[in-house]
Amino acid sequence: MPAARPKIKLKVIKVTDCDMMLVAGTDEVTLDSGLLPIAAQGSCWNSVDMDAAEVWGRFDDRLRVREKLVFRAIDRACGRVFSSQ
């Protein structure tokens with residue numbers, strides 16, 4: 001499973017066909033995939049299209065979730081959020 005560990009910064013152009021990507025560090029990514037859990041210490045920026053997302057950390061920019069979107073004890077969520085729920 002691709003993951004950004006705490007204190008690691010990941011910057012990629014685009015990730016596709018990924019079942020699950022765990023964000024524990026800082027990710028700046030364009031992502032179209034299955035499941036996106038963002039850990040409490042994690043943060044994610046850029047354009048994200050997911051089947052399901054569970055956000056504990058920070059999210060900035062555009063998040064589109066096709067099925068299930070859950071926000072937990074987050075410290076910040078900014079930008080545009082779209083969900084079919």
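The legends below describe several close-up views of one predicted model.

In this predicted model, local features need pLDDT of at least 70 and side-chain atom pairs count only at pLDDT 80 or more, whereas totals for chains, interfaces and linings use all residues. Residues are numbered from 1 along each chain as its sequence is written, and side-chain values use heavy atoms, with hydrogens and water left out.

**View 1. The chain as a whole is built from strands.**
The chain holds nine strands and zero helices, where helices (H or I, at least four residues) and strands (E, at least two) are DSSP runs numbered from the N terminus. Of its 85 residues, 40% count as buried, a word that stands for under 20% relative accessible area, while exposed stands for over 50% and partly exposed for values in between (1.4 Å probe, protein chains only). Among contacts (heavy atoms within 4.5 Å) between residues at least 6 apart in sequence, 2% join residues at least 24 apart.

**View 2**
Strand E6 spans residues 31-38, and six of its eight residues are buried. Two strands pair if DSSP finds at least two bridges between them. Strand E3 (residues 15-16) runs parallel to E6 and is joined to it by two bridges, with Asp32 in E6 as the bridge partner of Thr16. Strand E7 (residues 43-55) also pairs with E6 in the parallel sense, over seven bridges, and Ala52 in E7 is the bridge partner of Leu35.

A nonpolar core is a set of buried Ala, Val, Leu, Ile, Met, Phe, Trp, Tyr and Cys residues joined through side-chain atoms within 4.5 Å. The largest one has 17 residues, of which Leu31, Leu36, Ile38, Cys44, Val48 and Leu63 touch the most other members. Leaving aside residues up to four places away in sequence, Val48 touches Val29, Leu31, Leu36, Phe59, Arg62, Leu63 and Arg64.

**View 2. Asp60 is a buried residue of strand E8.**
Asp60 lies in strand E8 (residues 58-71), and it counts as buried because its relative accessibility is 9%. The side chain of Asp60 makes a polar contact with the side chain of Trp45 (2.7 Å); such a contact is a pair of N or O atoms within 3.5 Å, and within protein one must be able to donate a hydrogen and the other to accept it, with residues adjacent in sequence counting only if both atoms are side-chain atoms. Not counting residues up to four places away in sequence, Asp60 touches Cys44, Trp45, Asn46, Arg76 and Cys78.

**View 3. Asp32 and Arg66 form a salt bridge.**
A salt bridge is a side-chain nitrogen of Lys or Arg within 4 Å of a carboxyl oxygen of Asp or Glu, and by this rule the count comes to five. The closest N and O atoms of Asp32 and Arg66 are 3.1 Å apart. Asp32 lies in strand E6 and Arg66 in strand E8, so this pair ties together parts that are 34 residues apart in sequence. Asp32, Asp51 and Arg66 are linked in a network of salt bridges.

**View 4. Asp49 forms salt bridges with Arg62 and with Arg64.**
The side chains of Asp49 and Arg62 meet at 2.9 Å, N to O, and both residues are buried. For Arg64 and Asp49, the closest N and O atoms are 2.7 Å apart. This pair links strand E8, which holds Arg64, to strand E7, which holds Asp49, across 15 residues.
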